[in-house]
Amino acid sequence: MQIIADQIDDLKTDRKDVMPPLPMVFRLVPILFYGAIAFSLVVGSVAFWNVRVATQQRDAIRQKIESLNSEIAQTKAARATLENKIREAADLENWVLASMPLQPLVVAIVRSMAANSSIVELNLERDAETPSQLRLGLRLNTDSDKQLEDTLEVIRDMHYREFSPTQTRVRGDLDYKASMLWQNPYTKGQLPEERAQQAVEP
Amino acid sequence: MLQYVKAVLNFSAFRPEADDPQASWKNRFAGRPTTLVHVGRNTLSYSLIDAKGWDKFAESKRGELKELFAELGPAIKSDTADGWCMVSLDSRYVISVENNLSRKKGSEEAIRKDPRSVLHARFERGKRYAATHNPETNTSILLAMDEENVKKTEALLKEHKLKPGRICCGTYVLLRHALAATNAKKGAEAPFSALYLVCCNGSVCALLQEKDNWMELRSRPDLFEAGGDITPLVDLLRPFEERLGPDRGLVVACDEPVAGLAEKLTELFPGRPINDLTEPGLLAKILYRN
């Protein structure tokens, strides 16, 4: 005989809304729910972390761009300064190069000064509109006009011919102004206009 | 709706409810302390069952039940998980051997919900029943518990904020346990004979089994006082002295060891082997396990 007593006879008043436990397989529902929450938290944390890192990188890049921009501005300013200096140097060079043919003229004028005469002011200007001409401005501290004659003689020896001369005496100084034209000794004393005319006429 | 969602999310929907009679106590209260309350006619005692199912006797008192509940109720509640307890009713019940009870499929479940359909003429209004059928004969052991006693106990428990997860008759549970422990082989090849003696909190039940036949049953609630004089118990067993066949043993199952019982049984049934299934907290262990 076999008596099985694996269940207790319960005598209490039954509650009518007692529900049996859900099948174990349905545990997947809360497990998946909590898994989804955990996954979302992990992914959210990773995304948040990435956003934070990306923001930091963006800020760093912005700062770098700003510093580079300021560096570019500084470089540009330095370059502009350098270009100005180069321009000035080039101008100086040009002036030096341009004035080089006039140096013998200046030296000749200076050497033409007698013992009792001195140059107060000497200007040699080349007009951009008429570059073949030189404007001479000479102020001499001298007693007689002989010094001026000597100086003009020296100038003529340097193959310059003056025209439209003006001569005035201001407070004892002799102020002489004239336009000068260089004559090529190899063209037999012809003016450029004459050479141009010869070139036109056969 | 929200409570169902909450129950699913905290996994409580996958555990049996605290008062689900289909589930074992262990599954219902896994890891939570509960109590076993013995309710006698004039006695109230309780044992603590810890989270691992170990039983520890706490207190026992005699007196008016209402006053006893008022006195011990708060202590019981404080020692349990949300006031859940199991109750052994040890009074106002009758255990008897009946013949020719209906054994249709599901009759043991039906006897609880619709006892009239199983008991027919034996049905009495105002009783709650449980039955154990003898698979080899047409006899059955029938427990009839006074329904008013159950309801009164439930009301007293509710009054003191205690929740009965299970109400049973300890004597009947121990008798089934003793029968199951000694009648474990299927079939009629090895018929078993013995005198079963069950004691639960002063209630006694004795069943004579002769070659698998349940011959006679004597049951008395509140027969003796636990820890007191056991002469009434011996008197109840005395008629079996002559009826117990030669070489037939005794099977004893008590919820707690009864002082002096072994000596009295040896004196009453000299030379008979005694299979003592008793151990401290036996009823609590059975109720926790099942």
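**Entry 1: around B:Y196.** I began with B:Y196 and left out its neighbours within four places in sequence. B:Y196 is in contact with B:L175, B:A178, B:L179, B:A206, B:L207, B:Q209 and B:V251. I count two residues as in contact if their C-beta atoms, placed from the backbone, lie within 7 Å.

A note on the source: this is a predicted model, so local features need pLDDT of at least 70 and side-chain atom pairs count only at pLDDT 80 or more, while totals for chains, interfaces and linings use all residues. Residues are numbered from 1 along each chain as its sequence is written, and chains are lettered from A and ligands numbered from 1 in the order in which they are written.

**Entry 2: the cores.** Next I looked up which nonpolar core B:Y196 belongs to. B:Y196 is in the largest one, which has 80 residues, and is listed with B:L143, B:L175, B:V198 and B:L287 as having the most contacts inside it. Such a core is a set of buried Ala, Val, Leu, Ile, Met, Phe, Trp, Tyr and Cys residues joined through C-beta atoms within 7 Å. Buried stands for 20 or more other C-beta atoms within 10 Å of a residue's own, exposed for 12 or fewer, and partly exposed for anything in between, with C-beta atoms placed from the backbone. Strand β9 (residues 194-200) of chain B gives the most to this core, with 7 residues. Helices (H or I, at least four residues) and strands (E, at least two) are DSSP runs, numbered from the N terminus. I also found a second, separate core of 11 residues, and A:L105, A:L134, A:I155 and A:M180 are among them.

**Entry 3: the sheet.** I then traced the open sheet of 5 strands in chain B, and its order reads β11-β10-β9-β12-β13, with mixed pairing. Two strands pair if DSSP finds at least two bridges between them. β11 and β13 (274-276) of chain B are at the edges with a single partner strand each, so one side of each has no neighbour in the sheet. On average, neighbouring strands are turned by 15° against each other, direction ignored. α7(B) packs on this sheet and touches β9, β10, β11, β12 (249-254) and β13 of chain B; its direction makes about 145° with that of β9(B). Axes here are lines fitted to C-alpha atoms, for helices over the stretch in contact, and angles run from 0 to 180 degrees between N-to-C directions.

Entry 4: How many bridges join β9(B) to β10(B)? I found 7, and the two strands run antiparallel. B:C200 stands opposite B:S203 in β10(B), and in this hairpin, with 2 residues between the strands, B:N201 takes a positive phi near 50°. β10(B) also pairs with strand β11 (residues 213-220) of chain B, in the antiparallel sense over 7 bridges. There B:L208 stands opposite B:E216 in β11(B), and B:K211 takes a positive phi near 50° in a hairpin with 2 residues between the strands. For strand β10 (residues 203-210) of chain B, 7 of the 8 residues are buried, so it is largely enclosed by the rest of the structure.

**Entry 5: where the chains meet.** I found 40 residues of chain B in contact with 24 residues of chain A. α7(B) gives the most to the side of chain B that touches chain A, with 5 residues. The residues of that side divide into 23 nonpolar, 4 polar and 13 charged. Ala, Val, Leu, Ile, Met, Phe, Trp, Tyr, Cys and Pro count as nonpolar, Asp, Glu, Lys and Arg as charged, and the others, Gly among them, as polar.

**Entry 6: the helix of chain A.** Helix α1 (residues 28-99) of chain A has 72 residues and reaches 101 Å from its first C-alpha to its last, close to the 106 Å expected at 1.5 Å a residue. The expected span is 1.5 Å times one less than the number of residues. α1(A) is hardly covered, and the count of buried residues among its 72 residues is 0.

**Entry 7: two loop residues.** A:H159 is not a glycine, yet has a positive phi of about 70°. A:H159 is in the loop between α3 (146-157) and β3 (160-170) of chain A. Is B:K161 buried or exposed? B:K161 is exposed, with 12 other C-beta atoms within 10 Å, and its place is in the loop between α6 and β8 of chain B.
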